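Here's a quick briefing to read alongside the structure. Take a look at it first, then work through the topics below.

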Amino acid sequence: MNAAEAAPSTTVTVHNPTLVILATLLLGIVTAVVSTVWHFNRNIPGLRLWALSFFFAAVFSFTLLVRDHIPEVLSVVLVQATSALTAYLAWLGSRAYMGRPAPAHWYAGAAVGALMAAPVDLTGVLPHANARFLLAGLFSGTCFLLAAHTLADGGFRRVPMRYLLAGVMGFHGAWVLVRPVVFRLASQSSLLEQLPQWVRLEATVALLLMAFGVLMLANEFVTSGLRHLADADPLTGVFNRRAFLTLLDKGLSRAQRTQAPLAVLVVDLDHFKKINDTWGHQSGDDALRHFVRRAEQCLRREDVLGRQGGEEFSIFLPATDGAGAAKVAERLRVQVQAEPLQIDQRNMLVTVSIGVTLSTGDESAEAVMQRADEAMYLAKKRGRNRVEMQA
């Protein structure tokens, strides 16, 4: 938060303790709620940093409440430091939630240190409220705008709460940056007497909306995790049969609308029963995960990999013709064979048989899968560790 510590004027002082008391209580409650959610969901990225951000916002508001009872320099230093930490931690939380690395902290440390040192000169040695106000807004506003830019990613329809939280952060950051100009324009007006109250009210409302957005993002993360568990094969982490067929249906519909080719591959690990009997079921599980790692290295981001059951997997390749699909299948076959699985310091050779087909017109996912499955069994029949196409 970055509510105004005072109007940048030495002749007008406006203090509304009721508003500050309410803001302090609300921010304390918000800190407690977000911290509790983090305590029970520590795997949610960024939540701890957001909780710390709201904590410093509450400390900031409390400092405004007691500022008349502590030395002026100390109160200004606390206001500058806590407002800067509130904004900086909000940015760090946003980066963590989006899976981005934290920036070099020494830059922020130097900036916060300067913000804490400058008020000593600008208050005790050379009083200058305007300069303090500008310094506080410059750092905090920039951090909130960076946080907004970080969160605005992924598509509004798919993750609307990210964009709503980004909108609140962006608006607040922009307001913090232009606030000194507004105060300057109002310096000869009676509006100046009302601005500090509106500034504090805006900051309080903005932070409450941010807290609501953070809690919604926490819910989004948990819901996404549950959805992934429902759609994922527990052993290998790829899509299970039900989820794969659902996605294949959608892929076929899109291919038919756009008249784009779509290839389907069915892959079976060769002699899998022998692997289990010779090396044990744990080694069989390792072989399945080994194949998935090799397959993910060969596939594009838009390609979809699923486990049909046992040692059988399926892949569909959007916008891929027969020649392209054959190349992908052959590359996958070669890569699996070229990288044996290491078990107890011994190499276990894993090979695969792959069937490939293309979707033709208006047909169901089951029909395309049936053709790819027949091609895979043909590869088995012709000696295994090979690729076969089925028209």
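First things first: this is a predicted model. The protein chain averages a pLDDT of 84, and 83% of the residues score at least 70. The notes below cover confidence, some strands, and a handful of aromatic residues.

- Where pLDDT is low, the predicted coordinates should not be read in detail.

**Strand β6 and its partners**

- Strand β6 covers residues 352-358, and six of its seven residues are buried, so the rest of the structure largely encloses it.
- Strand β1 (residues 262-269) runs antiparallel to β6, and seven bridges join the two.
- If you want to find one of those spots, look for V264, whose bridge partner in β6 is T357.
- Strand β7 (residues 387-390) is joined to β6 as well, by four bridges, and this pairing is parallel.
- Here you'll find G355 standing opposite E388 in β7.

**Aromatic pairs**

- The structure holds seven aromatic pairs.
- Take Y88 and W91: their ring centres are 6.1 Å apart and their planes sit at 65°, so this pair is edge-to-face.
- Y88 and W91 are both in helix α3 (residues 72-97), and being three residues apart there puts about one helical turn between them.
- Y88 counts as buried, at 8% relative accessibility, and W91 is buried too, with a relative accessible area of 14%.
- F156 and Y163 also pair edge-to-face, because their ring centres are 5.9 Å apart and their planes are at 75°.
- F156 is partly exposed at 47% relative accessibility, and Y163 is partly exposed with a relative accessible area of 24%.

**Around F221**

- You'll find F221 in helix α7, which spans residues 195-231.
- With 29% relative accessibility, F221 counts as partly exposed.
- Ring pairs tie F221 into a cluster with W50 and Y97.
- Setting aside neighbours within four places in sequence, F221 is in contact with N43, I44, P45 and Y97.
- N43 is 178 residues away from F221 in sequence, yet their C-alpha atoms are 9.4 Å apart in space.

**A charge over a ring**

- R42 lies over the face of W38, at 4.4 Å from the ring centre.

Definitions and conventions
Residues numbered from 1 in each chain as written. Predicted model: local features only at pLDDT ≥ 70, side-chain atom pairs only at ≥ 80, totals over all residues. Heavy atoms only, no water. Buried < 20%, exposed > 50% of the residue type's maximum accessible area, 1.4 Å probe, protein only. Contact = heavy atoms within 4.5 Å. Pairing = 2+ DSSP bridges. pLDDT = per-residue confidence, 0-100. Phe/Tyr/Trp six-rings, centres within 6.5 Å; stacked < 30°, edge-to-face > 60°. Lys NZ or Arg CZ within 6 Å of the ring centre and 35° of its normal.
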